[in-house]
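Q: I have a structure open and want to learn to read it. Can we go through it feature by feature?

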There are 2 protein chains.
Amino acid sequence: MSETAVNVQLQHLEYLGDAKPYAGQMHTLIERSPLFENFNLAEIRLMSHFMQVFRAEPGIELVREGDAGDFMLFIIEGRIEIFKQDRWNSPRLIAVLDPGQTVGEMSMIDGEPRFASGVAADRCIVAVLTRESLARIILEQPVLGAKILMELVLMLSRRLRQTSAKLVGYMDKYESSNNN
Amino acid sequence: MSETAVNVQLQHLEYLGDAKPYAGQMHTLIERSPLFENFNLAEIRLMSHFMQVFRAEPGIELVREGDAGDFMLFIIEGRIEIFKQDRWNSPRLIAVLDPGQTVGEMSMIDGEPRFASGVAADRCIVAVLTRESLARIILEQPVLGAKILMELVLMLSRRLRQTSAKLVGYMDKYESSNNN
């Protein structure tokens, strides 16, 4: 199990065990989840064997911008506020995530530093999937593993399109504001 | 085979058969390939069974911005220029891709319209991978399929980080230029 590595970064949270008892609740949330919306209850049950559940009190930081991190969070209860530092190093609120949504997929995948911080806005319950657990799923449950990877690819592709379109828009706006 | 669907969009190119005879040449190029750099010759050989090869004369458009498309291209020979329309609908050169690099992964994955156009700068030889072929790889060669998906996830994640960082930079620049 990958609990050891996760526990180093999540040791300030209350560990509630593996995610098996939460599979039903997770399944009721997935229609709000860009990552898991196409998973059925049997797939969520199977995946829950590979996830651990933690509780965080309001105000607790779950992931920190710039930290290394190799896990993602699926929000089961509560909301998580996402902050990114602006160029004056002040945290700027860029999103509020609800149950069913996920946090930190990119660092789970590539192990690069967290792009933003996530702070519990309420008392939160989250299910954690580590890169090590994902690797185990791919080996032990290859069909489920391929499905998770395919959904990750689709989600990243969607986000990349949105972000690229926004970037093109800002480049245009910046150019025209400098030409005026 | 998915040749039919591909041929509709690539029928203006010369079809050279499947990619098996090109596996060795493709393998010599992969160190320049963000997508396939971690693939060994055996894996490239296996994958080449699922790819078709086409030749394009200079100036020929291989993918067109806004078109639907469910395939990607691996450049074996020649360079491809990538153009994106600016807000005056003029094509703006945004990249030049070399042998070993890939074009059109996002549309292969999600079937959404092409983000940009790709035009042969020289006489090009390209290997095509369709979504249907990728699905067959996942079913028939699950280990190879998981590896391709994992590399796609890593590549998209890297690009999303770069694009997001650029976006944050432009948002800052735009704000400060408007505050001055």
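Q: Which residue is the bridge partner of Lys84(B) in β6(B)?
A: Look across to the neighbouring strand. Lys84(B) has Arg92(B) as its bridge partner in β6(B). One caution before we go on: this is a predicted model.

Q: How many bridges join β5 and β6 of chain B, and in which sense do the strands pair?
A: Count the bridges, then check the direction. Strand β5 (residues 80-85) and strand β6 (residues 91-97) of chain B pair over six bridges, in the antiparallel sense.

Q: What do β5(B) and β6(B) form, and how many residues lie between them?
A: They form a hairpin, with five residues between the strands. Check the backbone angles in the turn too. Asn89(B) has a positive phi there, of about 60°.

Q: Where does Gln85(A) find its bridge partner in β6(A)?
A: Move to chain A. Gln85(A) is paired with Pro91(A). The strands here are β5 (residues 80-85) of chain A and β6(A), which run antiparallel and are joined by six bridges.

Q: In what order do the four strands of the open sheet in chain A lie?
A: Read a sheet from one side to the other. The order is β3-β8-β5-β6, with antiparallel pairing.

Q: Which are the edge strands of that sheet?
A: Look for strands that pair on one side only. In chain A these are β3 (61-63) and β6 (91-97).

Q: In which strand does Glu61(A) lie?
A: Glu61(A) belongs to strand β3 of chain A.

Q: Why does Glu61(A) count as partly exposed?
A: Count neighbours. A residue is buried with 20 or more other C-beta atoms within 10 Å, and exposed with 12 or fewer. Glu61(A) has 15 C-beta neighbours inside 10 Å, so it counts as partly exposed. Leaving aside neighbours within four places in sequence, Glu61(A) is in contact with Ser117(A) and Val119(A).

Q: How many residues apart along the chain are Glu61(A) and Glu132(A)?
A: They are 71 residues apart along the chain.

Q: How many residues does the largest nonpolar core have?
A: Start with the general idea. In soluble globular proteins, nonpolar side chains tend to be buried together. Here the largest nonpolar core has 103 residues. Val126(A) and Val126(B) have the most contacts inside this core.

Q: Which residues is Val126(A) in contact with, leaving aside its neighbours within four places in sequence?
A: Among them are Phe54(A), Ala56(A), Leu62(A) and Leu73(A). Phe74(A), Ile75(A) and Ile76(A) are contacts of Val126(A) as well.

Q: Why is strand β4 of chain A largely enclosed by the rest of the structure?
A: Check its residues one by one. Six of the seven residues of β4 (residues 71-77) are buried, so the strand is largely enclosed. Now find its partners. β4(A) pairs with strand β9 (residues 124-130) of chain A over six bridges, in the antiparallel sense. Phe74(A) has Ala127(A) as its bridge partner in β9(A). β4(A) also pairs with strand β7 (residues 102-103) of chain A, antiparallel, over two bridges. There Leu73(A) stands opposite Val103(A).

Q: Which residues cover the two faces of β9(B)?
A: Cys124(B), Val126(B), Val128(B) and Thr130(B) are on one side. Ile125(B), Ala127(B) and Leu129(B) are on the other. All are buried. Seven of the seven residues of β9(B) are buried, so this strand is largely enclosed by the rest of the structure.

Q: Which residue stands opposite Phe54(B) in β9(B)?
A: Val126(B) stands opposite Phe54(B). Strand β2 (residues 52-56) of chain B and β9(B) pair over five bridges, antiparallel. Val126(B) is also the bridge partner of Ile75(B).

Q: How many residues does the contact take from chain A and from chain B?
A: Count each side. The contact takes 32 residues from chain A and 32 residues from chain B. On the chain A side, 25 residues come from α6(A), the largest share. By class, this side has 17 nonpolar, six polar and nine charged residues.

Q: By what turn can chain A be laid on chain B?
A: Two copies of a chain are related by a rotation about an axis and a shift along it. Here the turn is 180° and the shift along the axis 0.0 Å, with an RMSD of 0.0 Å. The two copies are thus related as by a two-fold rotation axis.

Note on methods. Residues numbered from 1 in each chain as written. Chains lettered and ligands numbered in written order. Predicted model: local features only at pLDDT ≥ 70, side-chain atom pairs only at ≥ 80, totals over all residues. Contact = placed C-beta atoms within 7 Å. Nonpolar A, V, L, I, M, F, W, Y, C, P; charged D, E, K, R; others polar. Pairing = 2+ DSSP bridges. Core = buried A, V, L, I, M, F, W, Y, C linked by C-beta atoms within 7 Å. Least-squares fit on C-alpha atoms with pLDDT ≥ 70 in both.
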